[in-house]
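Welcome! Here is a short briefing to read alongside the sequence and the 3D view. Take a look around first, then follow the points below.

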Amino acid sequence: MAQLASLSDKQADAYLDARPRYPAEWFRMLAARTPGHNVAWDVGTGNGHPAVGVAEYYEKVVATDINDSQLKRAIKHPRVAYHHTPASMPDDDLVSLVGGENSVDLIIAAQAVHYFDLGRFYNIARRVLKKPGGVIAVCVYNRLIVSPEVDPIMDRLVDSTLPFRNPTMNLAFDGYKTLPFPFESIGLGSEGNPVPFNIPHKLSLNGFLGFLRSWQPVVKAKEQGVELVTPTLLRQFQAAWGDQEQVKDVFYKAYMLAGKVPEGNMDKTRNRPSNVLVCNIL
């Protein structure tokens, strides 16, 4: 989500209009897996939709993001505390901010964990999760389903992004099937086997086009001098959409992994160096 830092306010608002809200059933399902309901941590919260969703089931939600411009758009909620956490923040300071060792009932990272330094993040997660019983859940959506007319055009756009994707993006495009996830399964996906589900959403043509222009692989291509969302492509999307004022019922294909710290493995990575991915969310 860090790409929003380089967008105009109008573009960023259009992107956020296109970002789906996670179903309440997802949060209820996760809350049912944690014995305690005192503290949840939403990592890479963006504009706060996951934090607000989980706040219905936990007394306090700590919501963090590296992108201060996103936090300025975050949804206010009496049980959610938003914090800007730059990548330079020391691990011990981040642990303290969240609540300390063995303090968090649930960690969620929605559309975010593929940006993290996974070694660092998993180390911190093991430190702050309550043991036994604390749960970590990660979720990603990687495909937008609009209509039989729009979807084939979107497929061509997705194919055109391939040369501009890095390994981080491909974790998301793969639906977290290749994401390292060294936690014990709680029946909601496991490493190499994420649980699929759909996220319903309503989307206007303006929101859809705003999403395309601010979509990370499209932004990366433009930084290299290649415009993927061309005027011709825009006209094709407009024609396929039909009534320009129509708000469509769409859905995102999403995937989730959830687990807990394995017994006997709670402190193995506490001081391990981070070496997986460059962090730009924590």
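This is a predicted model: local features need pLDDT of at least 70, side-chain atom pairs count only at pLDDT 80 or more; totals for chains, interfaces and linings use all residues.

**The α5 and α6 pair**

- Two packed helices are described by the angle between their axes and the distance between the axes.
- The crossing of α5 past α6 is right-handed.
- On the α5 side, the contact is made by D91, D92, L94, V95 and V98, while α6 brings R120, I124, R127 and V128.
- Sorted by class, this contact has five nonpolar and four charged residues, with no polar ones.

**A closer look at G48**

- You can find G48 in the loop that links β1 (39-43) to α3 (49-54).
- Is G48 buried or exposed? G48 is buried, with a relative accessible area of 0%.
- Leaving aside residues up to four places away in sequence, G48 touches I75 and Y82.
- R21 is 27 residues from G48 along the chain, and their C-alpha atoms are 9.8 Å apart.

**The whole chain**

- The protein chain contains 11 helices and eight strands.
- Of its 282 residues, 56% are buried.
- Among contacts with a separation of 6 or more, 78% join residues 24 or more positions apart.
- The chain exposes about 12100 Å², and 52% of that comes from carbon and sulfur atoms.

How values were computed:
Residues are numbered from 1 along each chain as its sequence is written. Side-chain values use heavy atoms; hydrogens and water are left out. Helices (H or I, at least four residues) and strands (E, at least two) are DSSP runs, numbered from the N terminus. Buried means under 20% relative accessible area, exposed over 50%, partly exposed in between (1.4 Å probe, protein chains only). Contact means heavy atoms within 4.5 Å. Accessible areas come from the Shrake-Rupley method with a 1.4 Å probe; for residues, only the protein chains shown count as cover. A crossing is left-handed if the near helix is turned anticlockwise from the far one by less than a right angle, and right-handed if clockwise. Ala, Val, Leu, Ile, Met, Phe, Trp, Tyr, Cys and Pro count as nonpolar, Asp, Glu, Lys and Arg as charged, and the others, Gly among them, as polar.
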